[in-house]
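Hi,

Here is the structure I said I'd pass on.

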Amino acid sequence: MNLYEKLAIFTTIETERLLLRPLTMADSEDMYAYASNPENLIYIFPAHKNIADTQFAIANFFMKAPLGKWAIELKSEQKMIGTITFVKLDEKKRIAEIGYALNMAYWGQGLMTEAVRTLTEIGLTEFGLYYLDIVVESENFASCKVAEKSGYTLKKSYKAINEYSKIIKNFKCYRKANHE
């Protein structure tokens, strides 16, 4: 069974408080609630200007090729509060990078750590990945904490151009390997 067949089996993943599931257009309002707030996205992507931007992102990024991309739904509220994805997935090398976004109304509750830990465990065991990376801007202290609390260790620090702002920034790459 190849990696994409495995991903197809795990389109829905349940944790104690979360449901990781495919995104649908019904998630537009929930995603727009955080994707339109520049403060929520300072280290991620440009804020959506309107609901049409959010619907475009859902259709073209999440629904067009859905494997390895999940909505994060808070089960107690039955509300989509963020996303978690394999942003860079290399089937031949069996490696991936995890990216995520979370509505700031839910920051500081350990929800993203719960999602990252679960996806990491499944990625390294069920998907047979050799390692997973989390790449964050150095000033994004909250994401650095998520990586560390999820068992990732700092692999390297470097400067690079932020793909959205086109400004040179400091980045950290955290890694969790299969043998750890």
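**Aromatic cluster**

Ring pairs link Phe10, Trp70, Phe86 and Phe127 into a cluster. Before the details, a word on where this comes from: it's a predicted model, where local features need pLDDT of at least 70 and side-chain atom pairs count only at pLDDT 80 or more, while totals for chains, interfaces and linings use all residues. Residues are numbered from 1 along each chain as its sequence is written, and side-chain values use heavy atoms, with hydrogens and water left out.

For ring pairs I used Phe, Tyr and Trp (its six-membered ring) with centres within 6.5 Å; planes under 30 degrees apart are stacked, over 60 edge-to-face, and the rest tilted. That rule gives 5 aromatic pairs. Take Trp70 and Phe86: their ring centres are 5.7 Å apart and the planes sit at 80°, so this one is edge-to-face. Trp70 belongs to strand β3 (residues 69-74) and Phe86 to strand β4 (residues 79-90), so the pair links distant parts of the chain, 16 residues apart (helices, H or I with at least four residues, and strands, E with at least two, are DSSP runs numbered from the N terminus).

Phe86 also pairs edge-to-face with Phe127, at 6.1 Å centre to centre and 75° between the planes. Since Phe127 is in the loop between α4 (111-125) and β6 (131-137), this pair ties β4 to a part of the chain 41 residues apart in sequence.

**Charges over rings**

Two to click on here. Lys69 lies over the face of Phe61, 4.1 Å from the ring centre, and Arg175 does likewise over Tyr131, at 3.6 Å. The test is NZ of Lys or CZ of Arg within 6 Å of the ring centre and within 35 degrees of the ring normal.

**Cysteines**

How many disulfides does a search of the whole structure find? It finds 0, counting a disulfide as a pair of cysteine sulfur atoms within 2.5 Å. For Cys144, the nearest cysteine sulfur is that of Cys173, 11 Å away, which is too far for a bond. Cys144 is buried, with a relative accessible area of 5%, and Cys173 is buried too, at 3%.

**Helix α2**

In α2 (residues 28-35), the residues Ser28, Met31, Tyr34 and Ala35 are buried. They cover an arc of only 140° around the axis, so they are on the same side of α2; the arc is that of the directions from the helix axis to the C-beta atoms. The buried residues of this helix pack against α3 (51-63), β4 and β5, where contact means heavy atoms within 4.5 Å.

**Glu91**

Last one: Glu91 is in the loop between β4 and β5 (95-102) and is partly exposed, at 29% relative accessibility. Apart from neighbours within four places in sequence, Glu91 is in contact with Asn2, Leu3 and Tyr4. Glu91 and Pro46 are 45 residues apart in sequence, and their C-alpha atoms are 29 Å apart in space.

Cheers

Conventions:
Buried < 20%, exposed > 50% of the residue type's maximum accessible area, 1.4 Å probe, protein only.
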